[in-house]
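Visitor: I have a model open and want to learn how to read it. Can you take me through a sheet and a helix pair?

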Amino acid sequence: MSDRNAMTDQTELDRILAAHAGREGALLPILHDIQGAFGHVSEHAMRAIAGALNLSRAEVYGVVSFYHDFHAEPAPRPVIKLCRAESCQARGVEALAAAFAGETRVAIEPVYCLGLCSVGPNAMIGDALYARLDPARLSALVESVL
Amino acid sequence: MSAVTVRISDDALALACGADAVAAAFAAAGCTVERVSSWGMHWLEPLADIDGHGFGPLTPDDVAAVLGGTSPLGIGRIEAHPFIARQERLTFARAGKTRPLSLDDYAATGGWAGLARARELGPEETIAEVTRSGLRGRGGAGFPAGIKWTTVAKARSARKYVVCNADEGDSGTFADRMVMEGDPFHLIEGMAIAGFAVGAQQGYVYIRSEYPHAIAKMRSAVERAASIIAPFQIEVRVGAGAYVCGEETSLLNSLEGKRGEVRAKPPLPALEGLFGQPTVVNNVLTLAAVPWVMAHGASRYAAVGFGRSRGTMPIQIAGNVRHGGLFEVGFGITLGELVMDIGGGTASGRPVRAVQVGGPLGAYHPPSDFHLPFDYEAFAAADALIGHAGISVFDDTVDLSAQARFAMQFCAVESCGKCTPCRIGSTRGVEAIDRIRARTGRAADRVETLPQMHNAQKGARTLPEDIALLTDLCETMKFGSLCALGGFTPYPVLSALRHFPEDFGLPALAQEAAE
C-alpha cells in the first residue's frame with residue numbers, strides 16, 4: 001500500500017471514529033462502518049477503536065472475533081452467501097451446494113436464513129438477494145461476481 | 001385514457017424474485033407503477049395488482065399479455081383469493097395495500113389511532129388495556145406483554161428503554177421482516193406506545209444484518225415519524241451475524257457493544273436490562289400487535305384465539321410447500337390445515353413426511369401430529385413449541401437423522417460459549433449422531449479402559465447405547481443450558497428420534513406407516 005493510500009485510510013478511520021463519538025454502545029456501529037469501508041477490521045483499526053472507546057485491545061478483538069460479519073483479514077475472493085438453513089434444505093440447497101463444491105474462483109459461504117424461506121434456495125451478494133436458485137441461476141451469479 | 005396503475009411489492013422477497021424488472025417493464029409500457037408492501041402470497045411473487053386483480057408470478061415477458069388481457073397468470077380479485085380470504089389480518093391489515101414509507105397512506109388507514117388513544121388513557125390504563133388483551137410475547141416464550149410492561153413501569157429509574165427484538169434468525173420465519181419492510185410505521189407506533197406506557201425515553205430496534213432492506217426501510221421510517229412519536233426516540237441498530245443475539249440478554253449485550261454472550265437471569269431485563277436500566281424487550285410481532293389492541297380495544301383482540309393464546313398469530317408457511325407465505329389467523333387452527341389445506345402440500349408434489357415448527361430449535365412433526373391446534377400450551381404438551389410460528393415443510397426425501405445432526409451442528413456454530421452444556425454438548429452431539437448414522441458404534445478409548453475409570457464403558461458401544469447416550473446428552477442440554485439455544489436444540493433432535501426412529505437405524509413406529 002502506498003503512503004498516500006495509508007493516509008486516506010487513516011482519514012477515513014478517524015472520520016468514522018469521530019462520527020460515533022459519545023454514542024451509547026458505539027462499538028458495533030463502528031465495526032460495521034469499518035468493515036464496510038475497508039472490507040475488514042485490521043489490527044491497526046482495532047487499536048484505534050480501543051483508544052477511542054477507552055477499551056482494551058483484547059475487548060475489541062473479542063467482539064470482532066465473536067461476530068460472523070466482522071473479519072480481521074480481507075476476503076481473498078468474491079463472496080456469495082448461500083442460505084443453508086432448514087427451509088432452504090427442504091428446497092434442495094444441499095444438492096445445489098454440493099454441485100458447486102469445486103468452485104474455487106468465488107467463496108460460497110453459508111448463511112443461516114435470509115428470511116425468504118418460501119422461495120428458496122436463496123443467496124445474497126452484498127445487499128442484493130436472489131431467490132429460486134437452480135444450478136443455472138447460481139452459475140450465472142458466480143459469473144456475475146467474477 | 002388515463003394510465004393504468006400497477007401495484008408491485010418492493011419487499012425483499014419480491015425483489016429477490018425479480019420484482020424490479022417487472023416494475024420497470026410495466027413503467028416502460030406506460031403504466032403508473034406504485035411500490036407497495038407484499039400480500040404475503042409468496043409463490044405468486046412478483047405479483048402485480050391492477051385494480052384489485054392479481055397477476056403472478058410474473059417476468060418482464062408476461063407484461064404485454066397482462067396489459068392485453070390475455071395472460072393466463074391472473075388469479076382474480078386478490079382479496080377473494082382463498083389464501084387471503086381465510087385470514088384474519090390484524091397486524092398485517094395493510095399488507096399489499098399501502099406504500100411502506102408513505103405517512104399519508106399510514107394515517108389514511110387508521111395509523112397512529114392506537115398511540116392517540118394511549119395518550120388519552122394515560123400510561124397506567126394503557127398497560128391495563130394491553131394486559132386485558134391477553135397479548136403474549138410473540139418471540140417464542142409467550143410471556144404476557146402486559147406483565148412485563150408493568151414490571152418496567154414500576155421500576156424506579158430515571159432512564160428506561162424499549163428494545164425491539166428484530167433479530168429474526170429462525171429458518172422458516174419472515175413475519176418480522178415483512179412488518180419492517182411493509183408497514184414500518186406500525187412497528188414504530190407499537191414501540192412508541194410501549195415507551196409511553198412504561199416511561200421510557202429511548203427505543204432501539206435491533207435488526208439482523210441479513211435484512212438490509214428492512215434496515216433501510218426502518219431507518220427511513222424512523223426519521224419520517226420522529227416528530228409524531230416525540231419525545232420518545234428510536235434508533236435502528238444492526239446485528240452482526242450471530243444467531244444467539246436473538247436471545248434477549250445476548251441482544252442487550254450486543255447493543256451495549258459487547259460479545260453477544262447470554263446473561264444469567266435474574267436479574268430480569270425488565271429491572272436491569274440495557275446499560276443496567278429497566279428495559280422492555282419485545283419481539284417485532286408483539287409490538288406490532290399493540291396499535292390494533294389500543295385502537296380497537298382489548299376485548300375485541302381477546303375475543304379471537306384459543307385457550308390462553310389470545311389474538312392472532314402471523315404464521316409463516318415455508319420450506320418445500322406449494323403455497324408458502326404469510327398467514328395471519330387466530331390461534332387454534334390445526335397444523336394439518338396450515339400445511340395441507342392452506343399450504344397445499346409440498347412444492348415437489350411428493351408426500352409430506354415432516355414439518356418443523358419454530359425454527360432450528362423447534363420440533364419435527366410427522367403428519368400424525370397434524371391434529372395439533374396452534375396454541376402455546378397444546379404444542380408444549382406435545383413436547384414441541386410454536387416459537388416464532390415458522391413452519392418448514394419437508395417431503396419424503398428428507399433424512400431426519402441428517403436434520404438432527406444439523407440441529408446439533410447449528411448449535412455448535414452459533415453457541416455463544418458461555419455455558420458448557422451448549423458449547424460442548426452440541427459438538428459431542430454431532431459426534432454421537434455421526435456414529436449413529438454410520439452405524440459403527442465406537443470402541444472404548446484409552447482413557448475409558450483405564451482401571452480407575454469405574455463408570456466408563458469398557459467394551460465397544462452399540463447403536464442402542466449410542467442412542468441412549470444422545471438422549472442423555474439432550475437431557476443435560478435441555479435442563480443445564482443458560483438459554484434457549486442449548487436448551488431447545490434437543491427439541492429437533494429428540495423429536496426426530498421419537499417420530500422417525502427408522503432414520504436412526506431403529507425399527508419404525510408401527511402406526512406411522514398408515515399415515
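Guide: We start with the ground rules, then turn to a sheet and a helix pair. This is a predicted model, where local features need pLDDT of at least 70, side-chain atom pairs count only at pLDDT 80 or more, and totals for chains, interfaces and linings use all residues. Residues are numbered from 1 along each chain as its sequence is written, with chains lettered from A and ligands numbered from 1 in the order in which they are written.

Visitor: What is the strand order in the open sheet of chain A?

Guide: Strands are DSSP runs (E, at least two residues), and helices likewise (H or I, at least four), numbered from the N terminus. Two strands pair if DSSP finds at least two bridges between them. Here the order is β2-β1-β3-β4, with mixed pairing.

Visitor: Why is one side of β2 and of β4 in chain A left without a neighbour in the sheet?

Guide: β2 (107-111) and β4 (128-130) of chain A stand at the edges, so each has a single partner strand.

Visitor: In which sense do β1 and β3 of chain A pair?

Guide: Antiparallel, over 2 bridges, between residues 79-83 and 123-125 of chain A. Lys81(A) stands opposite Met124(A) in β3(A).

Visitor: At what angle do α17 and α22 of chain B pack?

Guide: Axes are lines fitted to C-alpha atoms, for helices over the stretch in contact, and angles run from 0 to 180 degrees between N-to-C directions. α17 (400-414) and α22 (490-499) of chain B pack at about 165 degrees, with axes 8 Å apart. Angles over 145 count as roughly antiparallel, and α17(B) and α22(B) are therefore roughly antiparallel to each other.

Notes:
Parallel < 35°, antiparallel > 145°, perpendicular 65-115°, else oblique.
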